[in-house]
Amino acid sequence: LFDGIYPFYLQKRKAAVFDISTIIVIVVFLTFACTFLLIIPGIRGRARLYWTFRVLLSLLVGAVIVVVQFTGDWETGWVKAKTSYKSFSHALVNVDVGLQVGLAGVNITLVGNPMNQLNETINYNEHFAWSLDADYDHSYAEGLEKGLPSPILYVAEKFTTRSPCGVHRQYRISSRYASAALWVAFCTWLISNMLFSMPVLVYGGYMLLVTGAFMIFSLLSFSTVRNSPMCPIQFGTAALNPGYGGSFWLTLMVGLLCFVAGMAVVTLHYFNLDLLKTFFDLREDKAEEHQEMTEVYVNPHFVSKDL
């Protein structure tokens, strides 16, 4: 014990701004985009605009599919509350409590309002993982041993396996299926790009439709957590009610974009193939295949007078 209470961190842990994995993915796709922008001046004519639109749009779709795997805002919620800060203490603090649910676990944020209260800086962000190689209950037990603030432990306890809420299994299974569907969508996105680089554009459109379908399936999988009644997260009279976050809506938007792009490719293939080939810079290849000889040179010594 430290002054009669459980000890806290000697150095306060700051709330995380960005996840390292998310930054790495963004940097990789930005590198691809910048590399393409360096070589785009070598493409002449209107094809330069078409190439820029296609490549940047494709990179956007691929980046979103990978990034949302590591983000923690599939479900978010915030609440302002006046609650106890430490165990075995009756002192109350004004805080903002945040809950961010991702595919790999939950992040619980505690920020003082104001930040300095009780001679301490209240600014915490704790992650409790439920991925395949993680033990959520063990992470929660470590939080108890460290002496995390009471609001964080109260919210984290709702997602343990022994909690009466019983939402841990539902969240964990739904997140796994959603993650698996997104990885399949990433594979179909790669296949669609390979097909678009060959003169089989309609199959690339079909693969875009499959990509959008798996992204929507990941959203449906994650949405099944709503089938389980969520225990109320109550801080006095204030309640924390999480709703769908930015990653959920971003995945939905990109999934619908894949549907629209795939349907456009398939429709143009059957109704205006020339326009589709022009957009994909393949019309020149078709012209070469059907090119006819415009001028013929004949040696008159080998041609009969009748001809």
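Me: In this predicted model, what share of residues 20-39 is helix, and how far apart are the end C-alpha atoms?
Reply: UniProt, in an unreviewed entry, lists residues 20-39 under "transmembrane region". In the predicted model this span is 100% helix and 0% strand. Its end C-alpha atoms lie 29 Å apart.

Me: What span is expected for helix 1 at 1.5 Å a residue?
Reply: Helix 1 covers residues 20-39, which makes 20 residues. From first C-alpha to last, helix 1 reaches 29 Å. That is close to the expected value, 28 Å.

Me: Where do the buried residues of helix 1 fall, seen down its axis?
Reply: The buried residues in helix 1 are T22, V25, F29, A33 and F36. Seen down the axis, they fall within an arc of 75°, so they line one face of the helix. An α-helix has 3.6 residues a turn, so residues three or four places apart point the same way. The arc for helix 1 is 75°.

Me: Which residues on the other side of helix 1 are exposed?
Reply: Exposed here means over 50% relative accessible area. On the other side of helix 1, the residues in that class are I20, I24, L38 and I39.

Me: Which helices do the buried residues of helix 1 pack against?
Reply: The buried set includes F29 and F36. The packing partners of the buried residues are helix 2 (47-67) and helix 5 (168-196).

Me: How many disulfides does the structure hold?
Reply: A disulfide is a covalent bond between the sulfur atoms of two cysteines. C34 is partly exposed at 45% relative accessibility, and C187 is partly exposed at 44%. The number of disulfides in the structure is zero.

Definitions and conventions: Residues numbered from 1 in each chain as written. Predicted model: local features only at pLDDT ≥ 70, side-chain atom pairs only at ≥ 80, totals over all residues. Heavy atoms only, no water. UniProt positions renumbered as here; feature names shortened; annotations may be inferred. Helix = DSSP H or I, 4+ residues; strand = E, 2+ residues; numbered from the N terminus. Disulfide = S-S within 2.5 Å. Buried < 20%, exposed > 50% of the residue type's maximum accessible area, 1.4 Å probe, protein only. Expected span 1.5 Å × (residues − 1). Arc of directions from axis to C-beta. Contact = heavy atoms within 4.5 Å.
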